Amino acid sequence: MAETLEDLLNAIRACQICTAHLPLGPRPVVHVSRTARLLIASQAPGTRVHETGQSFNDASGDRLRAWMGIDRATFYDTSRIALVPMGLCYPGRLPQGGDRPPRLECAPQWRERIMAQMPDIELTLVVGSYAQKHILGPGQVTRRCLDFRHYLPRYFPLPHPSWRTGAWERRTPQFGHDVLPALRACVRAVLAGQPLPEIPPASAA
């Protein structure tokens, strides 16, 4: 018998594969539906997401929503937007600061099964280095983001929207001049059920 979305979500909620390595214990956070058209493939939940059970419910989410040009209500409309990190649970902190990478066990266990439940995904925003490495293979985040046209119409690479990205944005004006207008146009089109727009050549800025 084919696995249903409800079966899959129940299995994810019961997952104990990484329990011994999770300082706050398992709390998988994923937002999916059979009708979602836009997928945000990210890294792993932070502490606030772990506490609330809501993906990108923090300052990084505010930045990502601003990049996309959408409000919170649209962002959390699971009927149109799916949110699936590489690691579904908060992985803990590194000794030198910052969150640990997503657990390596997670994506091989769940990602293919999750994607099988979302037949209508038309565009995936590949957010951060860990998601990009898993989906797109080895590569440099900045180069990928600025060369986003190469990955369309299936993927749109983005940096992780942490507070550190503010300095990167100031050093990389092409992101604001070229990447963000294209991102917003693509998001609008996908959410409206329209074909992706024609993206003009990169600006000289």
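**Reading a sheet and a helix pair**

User: In which order do the 4 strands of the open sheet lie, and is the pairing parallel or antiparallel?

Analyst: Strands of a sheet pair through backbone hydrogen bonds, either parallel or antiparallel. In this predicted model, the order is E2-E1-E3-E4 and the pairing is parallel.

User: Which strands stand at the edges?

Analyst: Strand E2 (81-85) and strand E4 (155-158). Each has a single partner strand, so one side of each has no neighbour in the sheet. From one strand to the next, the twist averages 20 degrees.

User: How many bridges join E3 to E4?

Analyst: There are 4, and E3 covers residues 123-127. Look at who faces whom. Valine 127 is opposite leucine 158 in E4. Valine 126 is opposite proline 157 in E4.

User: Which residues cover the faces of E4, and are they buried or exposed?

Analyst: In a regular strand the side chains alternate between the two faces of the sheet. On E4, Tyr155 and Pro157 lie on one side, with Phe156 and Leu158 on the other. All of these are buried, and both faces are covered.

User: Now the helices. At what angle do H3 and H9 pack?

Analyst: Helix H3 (residues 59-68) meets helix H9 (residues 173-191) at about 80 degrees, and their axes are 7 Å apart. An angle of 65 to 115 degrees counts as roughly perpendicular, so H3 is roughly perpendicular to H9.

User: Which residues make the contact?

Analyst: H3 supplies Ala66, Trp67 and Met68. H9 supplies Phe175, Leu180, Leu183, Arg184 and Val187. In the contact of H3 with H9, 7 residues are nonpolar, none is polar and 1 is charged.

Methods. Residues numbered from 1 in each chain as written. Predicted model: local features only at pLDDT ≥ 70, side-chain atom pairs only at ≥ 80, totals over all residues. Heavy atoms only, no water. Pairing = 2+ DSSP bridges. Helix = DSSP H or I, 4+ residues; strand = E, 2+ residues; numbered from the N terminus. Axes fitted to C-alpha atoms, helices over the stretch in contact; angles between N-to-C directions. Buried < 20%, exposed > 50% of the residue type's maximum accessible area, 1.4 Å probe, protein only. Parallel < 35°, antiparallel > 145°, perpendicular 65-115°, else oblique. Contact = heavy atoms within 4.5 Å. Nonpolar A, V, L, I, M, F, W, Y, C, P; charged D, E, K, R; others polar.
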